[in-house]
Amino acid sequence: MTVSNRWLLPDGVDELLPPEAWAVEHMRRAMLDHYAACGYELVTPPLIEFLDSLLTGTGNNLDLQTFKLTDQLTGRMMGVRADITPQAARIDAHLLKTDAVSRLCYVDTVLHTRPAHMLTNRSPMQIGCELFGETSAAADLEVISLMLETLRIAGIQKVHVDLAHVGIYRGLMSFANLGASLEAQVFDALSRKSIPELDTLAASAAKGSTIIHIIRDFARLSGATTALNDLRARVVDIGDHHLQTVIEAIDTLQSFAQEVAGRFPDVELGFDFCELRGYDYHTGVMFAAYAPGYGDALAKGGRYDEVGKDFGRSRPATGFSADLKYLSRAAAENKPARKRGGILAPAGDAPDLLAKIAELRQTERVVQQLSARDTGIAGCDQRLVRENDEWVVRPL
C-alpha cells in the first residue's frame, strides 16, 4: 500500500463524520431513553466470543457472515459478532438466570463479511430489543410496537409492515412430505417469488401438488387482514386434522394483524411469506418494516422460542433489530439537515469570561477561540462579546 492510499478503508466499511455522527448519537440516546421508559435494561456484550457460542441458537445462520480468528491465549476459534441477538439470548439464559420476564436492549457495532444488502455496509450499528420468558401474543405486540416507535423516533414516514408466521409454511411442508430435494426446490422458488417455477414443481410432484399450489399463492398474498381468509379456507377444505396447526397459525397471525392495526392505524399492513429469513430458528410471527424508496427492511423481528436451550435454559423469546446508521440516513433524506449553530467565545482565561461560558454551556453550544488566529469556527452563528463590562451574546 502506497502513501497515497493508506487512508483507504476496506470495501464496505464506513465511518461516521460530522454532522452525521452527532445525528446518529442523538437518535441513539432518544431510542435508548424510550426503551428504558418501557422497562428494558441495557446490555453491552463483547465484540468477540468463541465461535461455539456465537453460532449457537439464532446464530446458526450467521456462519458465512462471521469473521473468524484464532484466540492466541487458548488456541480456540473466535468470531467477531455479526448479530447481537444470540449474545442477548446467552446473557438471558446463562447469566441472568431468571424465570421471570426479561427485557433487554442493546446498541453496538457488528461486523459482516459482506453487506446484508446494497444500501448498507459491513459494519452496521445494530440497535434492538429482546423479550424473554413470555409466550403470549402480548409480548409480540409489545416488541412490534417498540419497533414502530423506534421508526417514529427516527423520523421515518409512511411505514409499511409485512407480517408472516413461520408455522404456516412449516406445517404445510410437513404435511406435504415432499422429500428433502423437492422441499429445498420449493423453498428456493418461494424465496425468489418464482410463480412459474412453483407451478412446474407442482405439476411434477407425485404428491403434495395441492400444498405446493397453496404455497405458490403465498407469493401473491398481500393487503389487509382479510387476505388471510382465502388461505384459511383452502387449508380447511383439505379436511385433514394434521393441518390443524396450520389453521391455528393462520388464526394467530390474523389476530395479531388486527391488534397491530388497532394500535397503529396509520401503518400499512401486508403479508409476505416469501421472506423466509430465520426459517431455521423463528417459531411464530415475523415482521419487517419498510418505507417508500427502500427495498430492504428498515427493521425486522419476530418470535424465536426455545433459543436458550443451547445455552442450558429453554426460554421463549421475541425481539427486533435495526441498523441505526441505516435509519439515520433514511431519516436524513426525508427532512432538511438540522442547523447546529453555536456561540463563538473569545480567547482568554478571565474568571468572568470562563464563568459566562460555563453558564451558556448549560443550554448552548459554545466554542472558545484558542487564539486570535482561531477565527473560522464552523457552525457558530453568534458571538460572545463584552459590552458595558458585561458579557452578552450577539449575532455573528
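Q: To start with, how many cavities of 30 Å³ or more does a search of the whole structure find?
A: Bearing in mind that this is a predicted model, the search of the whole structure finds three cavities of 30 Å³ or more. In the largest cavity there is about 70 Å³ of space.

Q: Which residues line the largest cavity?
A: The lining consists of Asp162, Leu163, Ala164, Asp272, Glu275, Arg277, Met286, Phe287, Ala288 and Tyr290. Strand S7 (160–165) and S9 each supply at least two residues of that lining, and S9 gives the most, with four residues.

Q: And by class, what does the lining of the largest cavity have?
A: Six residues of the lining are nonpolar and four are charged, while no polar residue takes part.

Q: You mentioned Tyr281; which residues form one aromatic cluster with Tyr281?
A: Phe132 and Tyr304 form one aromatic cluster with Tyr281. The search of the whole structure finds six aromatic pairs. In the pair of Tyr281 and Tyr304, the ring centres are 6.3 Å apart and the planes stand at 80 degrees, so the pair is edge-to-face.

Q: Where do Tyr281 and Tyr304 lie?
A: Tyr281 lies in the loop between strand S8 (268–271) and strand S9 (285–290), and Tyr304 in the loop between strand S10 (299–303) and strand S11 (317–323), so the pair ties together parts that are 23 residues apart in sequence.

Q: Is Tyr304 buried or exposed?
A: Tyr304 is buried, with a relative accessible area of 2%, whereas Tyr281 is partly exposed, with a relative accessible area of 22%.

Q: Switching to charges over rings, what sits over the ring of Phe50?
A: The charged end of Arg76 sits there, 3.6 Å from the centre of the Phe50 ring.

Q: Now helix H12, which of its residues are buried?
A: In helix H12 (residues 351–360) the buried residues are Leu353, Lys356, Ile357 and Leu360. They cover an arc of only 100 degrees around the axis, which puts them on the same side of H12.

Q: Why would residues three or four places apart point the same way?
A: An α-helix has 3.6 residues a turn, so residues at that spacing point the same way.

Q: And which residues are exposed on the other side of H12?
A: Pro351 and Glu359 are exposed on that other side of H12.

Q: Last one, how many helices and strands does the protein chain come to?
A: The secondary structure of the protein chain comes to 12 helices and 15 strands. Along its principal axes the C-alpha trace spans about 95 × 55 × 50 Å, and of the 396 residues of the chain 48% count as buried.

Definitions and conventions:
Residues numbered from 1 in each chain as written. Predicted model: local features only at pLDDT ≥ 70, side-chain atom pairs only at ≥ 80, totals over all residues. Heavy atoms only, no water. Phe/Tyr/Trp six-rings, centres within 6.5 Å; stacked < 30°, edge-to-face > 60°. Buried < 20%, exposed > 50% of the residue type's maximum accessible area, 1.4 Å probe, protein only. Lys NZ or Arg CZ within 6 Å of the ring centre and 35° of its normal. 1 Å grid on protein atoms, 1.4 Å probe; cavity = no way out; pocket = protein on both sides within 12 Å on 5 of 7 lines; lining within 4 Å. Points joined across faces, edges and corners; volume = space filled by probe spheres on them. Nonpolar A, V, L, I, M, F, W, Y, C, P; charged D, E, K, R; others polar. Arc of directions from axis to C-beta.
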